[in-house]
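I opened my notebook to look up one chain.

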Amino acid sequence: MPIHKITDDFFFIQRGYLNGNHLVYKGQQVALFDTAYTSGIEDTIKILQELAIDIQKISLIINTHSHSDHVGANHYIQSQAQCEIALHKIGQYFINRKEIFFLGWKFDRPQTEFFQVTRGLEDGEIIPTGPYRWRVIHTPGHAFDGIVLYEPFQKWLISGDALWEADVASLNLYKQGGSALFQMYDSIERLASLEVKVVFPGHGKMFSNYDEAIAKSRQKIQAYFDNPSQIGHDFIKKVMIFSLMMLDGVEEKEFYPMLLKREWFKHTVDLYFNGEYETQYQTIVNKFIQRGLVIRKDGKLMTIINKG
């Protein structure tokens, strides 16, 4: 897991696709942006130790949204450091009320633990960390509580899952609602007006080809408008891969029955593919194997994608 030194006091840590990336501000206060997935806590602690950061000295966690691959270590770190945790006020509402359905944590393994959100963020709010002044921009679509953080003097963007370099994050209309695609479009249009030199995404490497990334996001979103079934196809693919990473592989004979018990799977197939559950499952698994993204090993399906 590479640690990129951006300045003497600011670091970008690239993880994989089960664990979201981190950023760390190491000054008189220590601020951590996103904390990855619950099963990645040990690696998260090791990263902080490499930066000579005592976990008990963390004073602030800022989350780009409440999905489990970005908040997984929040509970543990807060229990050790008694730190403040800030995320968008919508996420604060559901987390502090322990509304697990809306958060999508029900099937996490290991289970994401609740924590106390001490600060609900508003669009346009400024969060200072040392010399940096981060402007909160609400970017719903992928997540109803999604935000990006923009530093206008450095022209840095912590984009979470609102902007990736060459793809868009999954759209779960079952949880996010039917307007999520329109919200994702509006969020990208808001971001397009920013002047950005470096993007620190929630997954993947940091990048500087900002206009190109915006253009690719627009193209993908337009493809979703033109062919809505692609939303469902991409969502199922991404969550199936996430499930294989989360569980370190699944017995092949158990994977399809497991998916049938997941509300998101049945809802998505009903919405886009007329309830053809097994057909969609087999089609996607076969494509994964053909592309080498999933392998069969000792009766299990496993993904080769780096979970970080």
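**Entry 1: a helix residue and its contacts**

I count two residues as in contact when heavy atoms lie within 4.5 Å. This is a predicted model, in which local features need pLDDT of at least 70, side-chain atom pairs count only at pLDDT 80 or more, and totals for chains, interfaces and linings use all residues. Residues are numbered from 1 along each chain as its sequence is written, and side-chain values use heavy atoms, with hydrogens and water left out.

I started with Arg-218. It sits in helix α8, residues 210-226. Helices here are DSSP runs of H or I with at least four residues, strands are runs of E with at least two, and both are numbered from the N terminus. What does Arg-218 touch, not counting residues up to four places away in sequence? I found Ile-188, Glu-189 and Ala-192.

Next I looked up exposure. Buried means under 20% relative accessible area, exposed means over 50%, and partly exposed is in between (1.4 Å probe, protein chains only). Arg-218 has a relative accessible area of 38%, so I wrote it down as partly exposed.

**Entry 2: the whole chain**

I counted elements next. The protein chain has 12 helices and 15 strands. Its radius of gyration is 19 Å, close to the 19 Å of the globule rule for 308 residues, so the chain is as compact as a globular protein of that length. That radius is taken over C-alpha atoms, and the rule is 2.2 Å times the number of residues to the power 0.38.

The C-alpha trace spans about 55 × 40 × 35 Å along its principal axes. Of the 308 residues, 54% are buried. I also looked at contacts between residues at least 6 apart in sequence: 63% of them join residues at least 24 apart. The chain exposes about 13,500 Å², and carbon and sulfur atoms supply 49% of that area. Such areas come from the Shrake-Rupley method with a 1.4 Å probe; for residues, only the protein chains shown count as cover.

**Entry 3: cavities**

A cavity is a set of points, on a 1 Å grid over the protein atoms alone, where a 1.4 Å probe fits but cannot get out; lining residues have an atom within 4 Å of a point. Grid points are joined across faces, edges and corners, and a volume is the space filled by probe spheres set on the points.

How many cavities of 30 Å³ or more does a search of the whole structure find? The search gives 3. β11 (156-160) and α7 (180-192) each supply at least two lining residues. The largest share, 3 residues, comes from α7.

I sorted the lining of the largest cavity by class: 8 nonpolar, 9 polar and 1 charged. Nonpolar covers Ala, Val, Leu, Ile, Met, Phe, Trp, Tyr, Cys and Pro; charged covers Asp, Glu, Lys and Arg; the others, Gly among them, are polar.

Most residues other than glycine have a negative phi. I noted two with positive values. Asp-34 has phi near 65°, and Ala-52 has phi near 60°.

Asp-34 lies in the loop between β4 (30-33) and α1 (41-50). Ala-52 lies in the loop between α1 and β5 (58-62). Buried or exposed: which is Asp-34? At 3% relative accessibility, Asp-34 is buried. Ala-52, at 60%, is exposed.

Ser-68 lies in helix α2, residues 68-71. At 7% relative accessibility it counts as buried. Leaving aside neighbours within four places in sequence, I found its contacts to include Ala-36, Trp-105 and Phe-242.

Val-294 is in strand β14, residues 294-297. Its relative accessible area is 3%, so it is buried. Not counting residues up to four places away, Val-294 touches several others, among them Ile-241, Leu-244 and Phe-288. Val-294 and Ile-305 are 11 residues apart in sequence and 8.2 Å apart in space, C-alpha to C-alpha.

How values were computed:
On a 1 Å grid over the protein atoms alone, a cavity is a set of points where a 1.4 Å probe fits but cannot get out, and a pocket is an open set with protein on both sides within 12 Å along at least five of seven lines; lining residues have an atom within 4 Å of a point.
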